[in-house]
Amino acid sequence: MSNIIRAALVQQKWTGDKESMIANAVEHIRAAASQGAQVLCLQELFYGPYFCQVQDADYYSYTESIPDGPTTALMQEVAAQNNIVLIVPMYEVEQPGVYYNTAAVIDADGTYLGKYRKNHIPQVKGFWEKFYFKPGNLGYPVFDTAVGRIGVYICYERHFPEGWRALGLAGAKIVFNPSATSRSLSEYLWKLEQPAAAVANEYFVGAINRVGVEPLGDNDFYGQTYFVSPRGQLVGDAASDTEEELVVRDLDLDLLTEVRDTWAFYRDRRPDTYEGLVNP
């Protein structure tokens, strides 16, 4: 019996305002659903520019409550109308002055399942995220969805193997990594890290990156969104490095069993020897 999931990723260019970014994303979701997609992830902070290129408190206005904000409510409707699981990365306000880089997870019937808050927050040139975000406090949740167990890891976090492994230990079959990452800094890592994580943790990874140069800085977001299998092989081609694109691919979840039976990394782990890894 087939165990294939049709999954989708969206890389967008900044349109100039929040409303048109949301409308554009909804169009992509509907297009993906019309192609049979059952799950879709948008890019990091999808409805805004990547404002972390500057440090300006005016961008706190992009925050919304999750799940009580308008974009979550809209995406719940869109998910139910199109029978598609959605991962929706947004700028969350918990209370005045407490903000997170967050992804809401919505099931195919429109049910809000929960959220992941980015745990690892960079503070380097062009990526001034500590100015905007408090580190996440929800751990590394895995969500039971209509397509199975999925996890979320956001952008900069792909440099940290611990979270990838935590998601695998919690049973994730697909992990989505919505990102905003630029050509001059990390393009070579983009082609290495997610395939390596997929191999080491024996699951599929959906790697999403925005595209284009935005007015706030000179970061050239290089797209190249892709899915990678637990063998470290791309599922189809990566997306364009310059143009907006919807990526729809079939993921054969039976491959997870085959790979895990071949390599047995989870069997051969030695957590009794890893105590030093969590010492400050």
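Which exposed residues does the face of α4 turned away from its buried side carry?

## Helix α4

They are S184 and Y188 (exposed means over 50% relative accessible area, buried under 20%, partly exposed in between, with a 1.4 Å probe and protein chains only). Helix α4 covers residues 183–190, and S186, E187 and W190 are its buried residues. Helices are DSSP runs of H or I with at least four residues, strands are E runs of at least two, and both are numbered from the N terminus.

Look down the axis of α4 and its buried residues fall within an arc of 140 degrees, so they line one face; the arc is taken from the directions from the helix axis to the C-beta atoms.

## What you're looking at

This is a predicted model: local features need pLDDT of at least 70, side-chain atom pairs count only at pLDDT 80 or more, and totals for chains, interfaces and linings use all residues. Residues are numbered from 1 along each chain as its sequence is written, and side-chain values use heavy atoms, leaving out hydrogens and water.

## F176 and its ring partner

F176 is buried, at 0% relative accessible area. Its contacts (heavy atoms within 4.5 Å) include V39, I87, I150 and F227, leaving aside residues up to four places away in sequence.

The structure holds 26 aromatic pairs. Rings of Phe, Tyr and Trp (its six-membered ring) pair if their centres lie within 6.5 Å; planes under 30 degrees apart are stacked, over 60 edge-to-face, and the rest tilted. F46 and Y47 make an edge-to-face pair, 5.4 Å centre to centre with 65 degrees between the planes.
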